[in-house]
Amino acid sequence: MALWHGAMNNRGFRQGSFCSFQSSTSDEDLMDIPGTAMDFSMRDDVPPLDRELEEDRSYNGAGIGSGNRMMDFLEEPIPGVGTYDDFNTIDWVREKSRDRDRHREITNKSKESTWALIHSVSDAFSGWLLMLLIGLLSGSLAGVIDISAHWMTDLKEGICTGGFWFNHEHCCWNSDHVTFEDRDKCPEWNSWSQLIISTNEGAFAYIVNYFMYVLWALLFAFLAVSLVKVFAPYACGSGIPEIKTILSGFIIRGYLGKWTLIIKTITLVLAVSSGLSLGKEGPLVHVACCCGNILCHCFNKYRKNEAKRREVLSAAAAAGVSVAFGAPIGGVLFSLEEVSYYFPLKTLWRSFFAALVAAFTLRSINPFGNSRLVLFYVEFHTPWHLFELVPFILLGIFGGLWGALFIRTNIAWCRKRKTTQLGKYPVVEVLIMTAITAILAFPNEYTRMSTSELISELFNDCGLLDSSKLCDYENHFNTSKGSELPDRPAGLGVYSAMWQLVFVVIGGVTRMTVSLVVIMFELTGGLEYIVPLMAAAMTSKWVADALGREGIYDAHIRLNGYPFLEAKEEFAHKTLAMDVMKPRRNDPLLTVLTQDSMTVEDVETIISETTYSGFPVVVSRESQRLVGFVLRRDLIISIENARKRQDGIVSTSIIYFTEHSPPMPPYTPPTLKLRNILDLSPFTVTDLTPMEIVVDIFRKLGLRQCLVTHNGRLLGIITKKDVLKHIAQMANQDPDSILFN
């Protein structure tokens, strides 16, 4: 704030010219949106990026009264120039260009000295080092989460008197009073009824255990929702829709910060342990991306370039899936297929390395005590027969139907929470849902389990020593027919378990195919079932696409109004750029800056009276010949720095964007050269360009805006939000829903 006060007190500042900065740019839209706000405070989890400028930085002339003085005010990089506001989209083209310039400079300097050569090698190696750190941190946090969630889940049913830090399974490992039939029962593990009323038999003991189970579940859920609401609201949900939007170039400051990581890790354990019907697999992707974003701050190459940082986040997402499912290759394919917007070949290999390190770290921790990456690892090598494809396809049909139904129900509920009073009381909502879940789950031993334990129970092969009800088969050995296998009819335990499992339904709601098959392959470790899995996955996707093409992540992106331009959908309408650009026929003229005839006061007036995030620069208002494009944020920061650091810059000082200064009469204030913040190569299209080409350009180049010209004259501008609104309008949807909410 000292920067602003210094400018206010500077000589010649027009009072009130910056009074409307509190209603500045929104989601990179260049049209007025009342009520928006811009916060220039940079949070420490996403530091400002320094503009790397290399153009001409010469001063010319003397002070007032002694000739004409031209000031190029960007002699050295100014903190904040070239950065982006919160809830804005990055300029992929500019970021990639800056990285190429940086790499070219390092390569040229490496030939001059040994130290520069070492710096060049370290710069090339820094990406792999960063992947190593991300893998180590992600794997370690996943191990801590798995161990803690397992212990706290068992805590709802009892405690180990031999050491309260042991879960039920570990508590009975060292017991000398455990049999194979009753391996889960040992004197060291006491239920809450045994601790409170010294017995585990009878109706009263059942009621005590029931009450303690519900009480612990409510406590865990209350702590989770309270921590999120008070300390890190961005830690709610799985985080994958927001990560997908961030990887497309959108900026949500704090979403991948250190507080979000800490609270997400703690509350993920609490939420899973509360018994709610949710898993830790999705949030682990958010946790891994937080690790990647925080570790990027240790490397200037990634800290100062938003595009390079998103390459790292793509690799971190792969590491998150790797530790969630124990599937490193599936994690890489998940990042490529589902969440990444820009995924070059270099990122593919680094993602694989990060996923490999994360999986190795988790395997070294061995959180489940089975030398596996997941609790429900399966080894099933029995070959399949051709007729078995039929039930696999039927499962795929059911999965597609269930997934489409789940998505529609989930989105309808979330929309109701947003538009009614229900969403204003998240703590009460979570506690009610937890109480209902716990009350219904306790009587059923399968719903009482955690999701991982339940899947492990379903996947286990039945052996002679298995005590599960699912393995309660009767053995009838016929000694007279030694060559025939004995029949094993189902016992009472199997029928009981099947009736209980009627209430347990597991369905998939994403539209992944390749990565899902690979994840399942890595889980089962069997090559034999790749074809049936592929058939089931493709059938499920076809059925779900027939009912609605949006997956759960894309549906939430649209519900929240994130400016995400989906690359999988085609634009098939015959509209032109002139139909979408602003201004329209009856709108006010486009606000522009001239290259050498506007004063500081003129520019400040435009900034204070508009909320545009950038301005085209033209030769003159009469000719409308395009020179370039300048961002609002860069203008504000440059003028503020000029007022603070240079004497003589007043409201009547001329701002020019040309290489050479305009002719000025004697005894005029010093001029301010801002050519270095001008984008001299903005992307332009003609007014007759088909919108399908414009949409394709926005998707593949990641543009923020595109200028529209006619015979070289500037006509208007198309922003990313204009494209999204037009697509929504063509699909008979509400175009005003495309606004970050």
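Colleague: How many of the residues of helix α24 are buried, and how should I read that word?

Modeller: A residue counts as buried under 20% relative accessible area, as exposed over 50% and as partly exposed in between, with a 1.4 Å probe and protein chains only. In α24, 12 of the 14 residues are buried, so the helix is largely enclosed by the rest of the structure. Among the buried residues are Arg632, Asp634, Ile636 and Ile639. Please keep in mind that this is a predicted model, in which local features need pLDDT of at least 70 and side-chain atom pairs count only at pLDDT 80 or more, while totals for chains, interfaces and linings use all residues. Residues are numbered from 1 along each chain as its sequence is written, and side-chain values use heavy atoms, with hydrogens and water left out.

Colleague: What span does α24 reach from its first C-alpha to its last?

Modeller: Helices (H or I, at least four residues) and strands (E, at least two) are DSSP runs, numbered from the N terminus. The expected span of a helix is 1.5 Å times one less than its number of residues. Helix α24, residues 632–645, reaches 20 Å, close to the 20 Å expected.

Colleague: In what order do the strands of the open sheet stand?

Modeller: Two strands pair if DSSP finds at least two bridges between them. Here 3 strands form an open sheet in the order β4-β6-β7, with mixed pairing. The edges are β4 (593–594) and β7 (626–631), each with a single partner strand, so one side of each is left without a neighbour in the sheet. Strands β4 and β6 (residues 614–618) run parallel and are joined by 2 bridges, and threonine 594 has valine 618 in β6 as its bridge partner.

Colleague: Why is the pair of tryptophan 92 and tyrosine 342 called tilted?

Modeller: Rings of Phe, Tyr and Trp (its six-membered ring) pair if their centres lie within 6.5 Å; planes under 30 degrees apart count as stacked, over 60 as edge-to-face and the rest as tilted. A search of the whole structure finds 16 aromatic pairs. In the pair you mention, the centres are 5.7 Å apart and the planes stand at 55 degrees, so the pair is tilted. Tryptophan 92 lies in helix α2 (residues 92–109) and tyrosine 342 in the loop between α12 (328–339) and α13 (345–365), so the pair ties together parts that are 250 residues apart in sequence.

Colleague: Are these two residues buried or partly exposed?

Modeller: Tryptophan 92 counts as buried at 6% relative accessibility, whereas tyrosine 342, with a relative accessible area of 32%, is partly exposed.
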